[in-house]
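Let's take a walk through this model together. Keep the sequence and the 3D view open as you read.

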Amino acid sequence: MNLKTKILLALKWLFICILIGVLSGSASAFFLITLEFVTQYRIHHDWIIWLLPIGGLLVGFSYYYLGKDVVKGNNLLLEEYENPKQVIPLKMAPLVYFGTIITHLFGGSAGREGTAVQMGGAIADQFTRIFKLDDSERKTLIILGISAGFASVFGTPLAGAIFALEVVYFSKINLKSILLSFIVAYAAYFTVAIWQVKHTHYSIPLIPDITSINLFYTLICGVLFGFAALLFSRSTHFWSSLFSRTIKYPPFRPFVGGIILSTAIAGFGFSKFSGLGVPVIIDSFTITNAWYDFLLKILFTGFTLGAGFKGGEVTPLFFVGATFGSALSLIIPMPIALLAGMGFVAVFSGATHTPIACTVMGIELFGIESGVFIAIACIIAYLSSGSVGIYKSQIVKGPKYALYQKWF
């Protein structure tokens, strides 16, 4: 390949990165704006939670009659990366957007990253046909879509780029994909900034000294956060399997689930566990949570997603980790904000098998000063969270793979 061809190829991929970044970033910006609108509407009109079964029917019908081929969501992206077969239909983007907005409007417990990642992946994969790319290049596109979606929805471009690489099995990534993943992550991130969409900010004001006793406490917390991640993953898969076995007609699953959820949330005062739960996450950095808050969020989120509602798992994982860390401040003599911050990213690390991305995310969100504690918590949670994460189609390799194959 001569120099001119190399330059043209580089320019082509740079152009693709900018297009994916701008389109995915704009989609995420629009999604975040409308998500905030429906969340505020639900908060000020809490009676709407009783309509959650109707929302479930809408989501169920839309996927059953229009989106059977994209109902796997994030797992479809991972499957197409591992074994490319056909271009992901663009309809994945509007369907997951609609399903997530409906879920949050009526009070389901879900996240938002799954929506942004699926929109980014669907948008990116369309360039396969436009530029007539082969399977190897198409794998790069899927990484770019995941990177753009994650970076834009959370405002963490470094973590978004690494997450996209790590979640699809890091050791099989080539150098080109790594570089392009960072470019598209920043393109999407700055696109959201141009649209003037704000992200939630967190802080850990007090960082203790790095002593042997504090490192020991961090190790213990990491193990506990790993167990919480394991419980979250198993819960989601359990409810999904249960609904699939007991209700054969898919649109009725979120309808029945909606009846149970609306009764529990509105009838028994569990509204703090509906939606994203960002206010609870913010408070957990300064106020000690009840020991059972993280367990109830696992229950409500697993049930919501298992029933067939749409959204993501990551923000609920942040909720679980932050509230669990906050509660641990009653028995672990470390600053509450640090414990909440460690849990915030460590539970996410364990549930997605992405300790590197989660460590970087923690540093992006909380500052480099907390980096040692964040890194240890993420790595230990990753090692202690079991071999099954929230994404069934994820290829799990790495340090703990051989251990779990041998002993479990």
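How many disulfides does the count come to, if a disulfide is a pair of cysteine sulfur atoms within 2.5 Å? The count comes to 0. Before going further, a word on the ground rules: this is a predicted model, where local features need pLDDT of at least 70 and side-chain atom pairs count only at pLDDT 80 or more, while totals for chains, interfaces and linings use all residues. Residues are numbered from 1 along each chain as its sequence is written, and side-chain values use heavy atoms, with hydrogens and water left out.

Back to the cysteines, then. Take Cys358: the closest cysteine sulfur belongs to Cys378, and at 5.3 Å it is too far for a bond. Seen from the other end, Cys378 is in no disulfide either, with the sulfur of Cys358 as its nearest, 5.3 Å away. Cys358 is buried (under 20% relative accessible area; exposed is over 50% and partly exposed lies in between, with a 1.4 Å probe and protein chains only), its own value being 0%. Cys378 is buried too, with a relative accessible area of 0%.

Now for some helix packing. Two packed helices are described by the angle between their axes and the distance between the axes. Here, look at helix α1 (residues 3–44) and helix α9 (residues 175–194): their axes come within 7 Å and cross at roughly 40°. That angle makes α1 oblique to α9, because angles under 35 degrees count as roughly parallel, over 145 as roughly antiparallel, 65 to 115 as roughly perpendicular and the rest as oblique. The crossing of α1 past α9 is right-handed, meaning that the near helix is turned clockwise from the far one by less than a right angle. As for the elements themselves, helices (H or I, at least four residues) are DSSP runs numbered from the N terminus, and the axes are lines fitted to C-alpha atoms over the stretch in contact, with angles running from 0 to 180 degrees between N-to-C directions.

Which residues do the touching? Contact means heavy atoms within 4.5 Å, and on the α1 side the residues include Trp13, Leu14, Cys17, Ile20 and Val22. Among those on the α9 side are Leu180, Ile183, Val184, Ala187 and Val192. By class, the contact has 12 nonpolar, 5 polar and 1 charged residues, where Ala, Val, Leu, Ile, Met, Phe, Trp, Tyr, Cys and Pro count as nonpolar, Asp, Glu, Lys and Arg as charged, and the others, Gly among them, as polar.

Stay on α1 for a moment. Ser24 sits in this helix and is buried at 2% relative accessibility. Leaving aside neighbours within four places in sequence, Ser24 is in contact with Gly120, Ile123, Ala148 and Ser152.

Beyond its neighbours within four places in sequence, Leu339 is in contact with residues including Cys221, Phe225 and Leu328.

Finally, check two loops. Gln196, between α9 and α10 (212–246), has a phi near 60°, a positive value in a residue other than glycine. His353, in the loop between α15 and α16 (355–366), also has a positive phi, near 60°. Gln196 is exposed at 65%, whereas His353 is buried at 6%.

Notes:
A disulfide is a pair of cysteine sulfur atoms within 2.5 Å.
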